[in-house]
Amino acid sequence: MINFIHDFLRAVIRVSVPLGYAGLGELLVEKSGLLNISIEGTLWLSALFAFIVNYYYENPYYGILIGMFIGIIYYLLFGFLSMYVGLNQVLVGVALNLFAYGSTFYIYRFVFEWRERVSIPSIRSLMNDIKIPFLSEMPLLGYIFFNQPLIVYIFYIVVPIIFILLNKTIYGLYITSIGENPEVSDKIGISVFKYRLICLFIGGAFVGLGGSIFTTYLSNIYLDHMIAGRGFIVIALLILGSWSPLKTIGAIILYSFVEAFQYRFQTLFASIMVFLPYQFVLMLPYLTTVTVLIVIGRRIKPPSWLGKQYIRVK
Amino acid sequence: MRSEAIVKFIKILPIIFGFSLLLLLIMVLFLLSGLNPITSCQLLFYYGFGTTTYLSEAFLRSIPILFISLGLMFPFMAGIWNIGAEGQFYVAAIVSAAIAIYSAWMPFPIPLILSIIGGCLGGAVYALIPAYLRVTRNVNEIFTSLMLNYIAIYSVSYLILGPLRNPTTNFAETPPIPGSAIIPRIFPNLRLNFLSILAFILIPITLIIINNTSFGLSLKFMGQNPIAAEFIAIDKKRIIITTMFISGFLTGLAAAHEVLGVVHAVRQGISSNYGYISIGIVYFGGMNPIGIFLISLLAAGIINGTRLVSFFTGIPIGLSDMLFGALPLLIFISNKAVEKILNSILIHRKRWME
């Protein structure tokens with residue numbers, strides 16, 4: 001039984017890390033006042049490209065790198081269209097999502113010669129677990145926290161860095177003030193466009209990294225709908241965490257408990273699963289967010305300029 | 001008179017420019033998939049609009065897009081971001097299918113009418129949730145409508161795999177719609193039905209509402225300048241509720257048309273992204289019913305055409321989704337480009353005249 005709980009908790013960490021990276025990336029971008037719905041499309045594309053590179057070069061870290069690259073490109077494209085061309089952010093997000101749905105479907109079949117192939121292409125080289133010498137022998141927590149792949153350890157470091165960046169440094173203050181009111185920020189000499197581009201760059205890298213974990217660690221095959229709205233789940237969890245890094249990570253871990261539970265206990269408690277269909281698990285974050293918005297909607301405050309357009313007046 | 005014609009031409013110019021960009025993109029994609037771009041483009045337009053059957057299919061596909069975009073035009077005009085058309089479509093589809101299946105014992109027109117009305121109200125009520133939250137709690141409707149989309153999609157997926165599953169087939173779909181709730185066809189050999197006519201009747205109606213009523217004027221006012229709208233006592237709350245109701249209602253009609261008239265069941269992915277495609281189409285059509293009609297017809301033809309070309313030449317489908325992601329972006333970019341070029345020409349000319 002204790003082994004079972006151990007495995008379950010490890011699975012929770014494993015499920016929460018990709019969402020956590022994506023959440024932190026989107027958090028940075030939304031803090032600076034850009035509402036990027038195309039996080040969903042970015043996850044789709046980076047998962048696919050990570051899969052392709054990993055399949056041909058048999059090295060998951062190349063996959064991660066290409067995923068980050070795709071994330072950066074897609075986020076900067078969003079930034080270009082919404083900030084410089086001046087399109088509405090929601091419209092750009094929806095359009096980029098559609099483009100990603102169509103192009104992943106197409107590219108996957110195009111690259112893996114859809115008609116000739118009989119078997120589903122699968123990867124042999126997933127990321128390995130690395131045991132940290134002393135920490136992994138800790139009685140309870142060692143196996144859960146310190147017997148994970150490299151990408152999880154980096155996540156442990158990234159969370160406090162983002163927290164400190166946003167809450168304790170002058171740059172965090174700049175980003176927050178740009179999200180609250182870019183006009184005033186511009187007048188007092190903060191370069192709105194520069195900081196937004198930096199946020200998009202870092203955020204895109206994180207989101208792409210999150211997307212590529214799906215095909216370099218969690219699964220050895222690629223499915224068309226493997227992301228299945230997780231980008232929107234991240235947006236929902238950001239609202240639940242009221243745009244604060246630690247609360248968002250908390251919300252993501254809570255959601256991961258449910259998702260890991262659903263994976264692990266599906267066979268064990270088949271009778272319960274009749275009452276708790278899998279669609280309900282996927283629906284849960286949205287339901288919770290909508291309920292929370294209904295109950296305490298007034299107290300959850302997004303950055304004031306989130307989704308609004310800012311045009312610099314010369 | 002002449003200057004009016006020039007203004008009209010300038011308005012159409014970005015659309016032409018955008019479409020040529022789109023055509024170029026299609027050709028590049030065909031070239032990348034190893035086809036001859038020019039003949040495949042000809043094939044695309046042949047399969048899209050070439051014969052009576054293909055043309056009627058294009059009309060048929062354009063009708064849900066037309067319904068949804070005409071509905072979405074109202075909230076967008078007032079600056080309200082309803083991106084929940086996808087979810088409203090699913091809810092309306094399952095409601096009208098359920099009513100049709102459970103009221104099949106009644107004589108012919110009653111189940112049909114009941115399920116159309118039920119579908120419309122289902123979509124409308126679902127659209128009212130974000131509107132209500134926006135009005136009472138000041139919650140951003142973008143978030144709520146986005147969340148409600150997925151709640152709807154998963155609920156429908158649960159229903160068609162569980163309680164409403166077709167017992168005779170292995171697919172995730174509802175039992176077929178009984179004959180007493182199927183919308184009759186206009187011509188026996190084409191799939192267009194009598195509800196399709198309503199879409200075309202709606203075009204002049206919406207045009208009149210937007211241009212000739214005080215409601216239309218206040219919509220535009222609120223969209224253009226929300227702060228000033230408060231000063232002249234435009235009831236924002238009422239507008240939010242009404243526009244969202246209209247948009248949900250028309251999305252419901254689109255779903256009823258699709259379920260009762262075309263597919264005759266509810267399947268997974270019944271909406272084929274119409275809810276998202278329509279958002280781009282509304283903007284592309286310049287928030288004008290006639291523009292929306294033309295663009296949706298063209299879009300429907302291109303969707304059908306790319307699907308058939310992909311099918312016959314053996315390249316993977318998915319091209320049409322890609323194109324409709326790129327379409328609004330291309331249009332907007334071309335819009336900006338034309339604007340800039342015109343501005344620079346005008347400035348240049350003014351200087352020259354001085």
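The model is predicted. It scores ipTM 0.87 and pTM 0.90. Chain B holds 13 helices and zero strands. The contact between the chains draws on 40 residues of chain A and 41 residues of chain B.

**Confidence**

- The model has a pTM of 0.90 and an ipTM of 0.87.
- Chain B has a mean pLDDT of 86.
- In chain B, 99% of the residues reach a pLDDT of 70 or more.

**Build of chain B**

- The pattern along the sequence of chain B is α-α-α-α-α-α-α-α-α-α-α-α-α.
- Along the principal axes, the C-alpha atoms of chain B fill a box of roughly 80 × 60 × 35 Å.
- Buried residues make up 49% of the 354 residues of chain B.
- Among contacts in chain B with a separation of 6 or more, 76% join residues 24 or more positions apart.

**Contact between the chains**

- Chain A contributes 40 residues to the contact, and chain B contributes 41 residues.
- On the chain A side, helix H4 (89-111), helix H10 (230-240) and helix H13 (278-296) each supply at least two residues.
- H4(A) gives the largest share of that side, 14 residues.
- The chain A side divides into 29 nonpolar, eight polar and three charged residues.

**A:Phe110, a residue of H4(A)**

- A:Phe110 lies in helix H4 of chain A.
- Across the contact, A:Phe110 touches B:Ser33 and B:Pro316.
- A:Phe110 counts as partly exposed, because it has 16 C-beta neighbours inside 10 Å, and a residue needs 20 or more to be buried.
- A:Phe110 and A:Gly142 are 32 residues apart in sequence. Their C-alpha atoms are 44 Å apart in space.

**Helix H2 of chain A**

- H2(A) spans residues 39-57, which is 19 residues.
- From first C-alpha to last, H2(A) reaches 26 Å, close to the 27 Å expected at 1.5 Å a residue.
- Of the 19 residues of H2(A), 16 are buried, so this helix is largely enclosed by the rest of the structure.
- A:Glu58 follows H2(A) and has a positive phi, near 55°.

**Positive phi in loops**

- Most residues other than glycine have a negative phi.
- The site of A:Ala228 is the loop between helix H9 (192-218) and H10 of chain A. H10(A) is one of the helices that supply residues to the contact with chain B.
- A:Ala228 has 17 other C-beta atoms within 10 Å, so it is partly exposed.
- In chain B, B:Asn138 sits in the loop between helix H5 (109-137) and helix H6 (141-161).
- B:Asn138 counts as exposed, because it has 10 C-beta neighbours inside 10 Å, and the limit for exposed is 12 or fewer.

How values were computed:
Residues numbered from 1 in each chain as written. Chains lettered and ligands numbered in written order. Predicted model: local features only at pLDDT ≥ 70, side-chain atom pairs only at ≥ 80, totals over all residues. Contact = placed C-beta atoms within 7 Å. Helix = DSSP H or I, 4+ residues; strand = E, 2+ residues; numbered from the N terminus. Nonpolar A, V, L, I, M, F, W, Y, C, P; charged D, E, K, R; others polar. Expected span 1.5 Å × (residues − 1). pLDDT = per-residue confidence, 0-100. Lists of a residue's contacts leave out its neighbours within four places in sequence.
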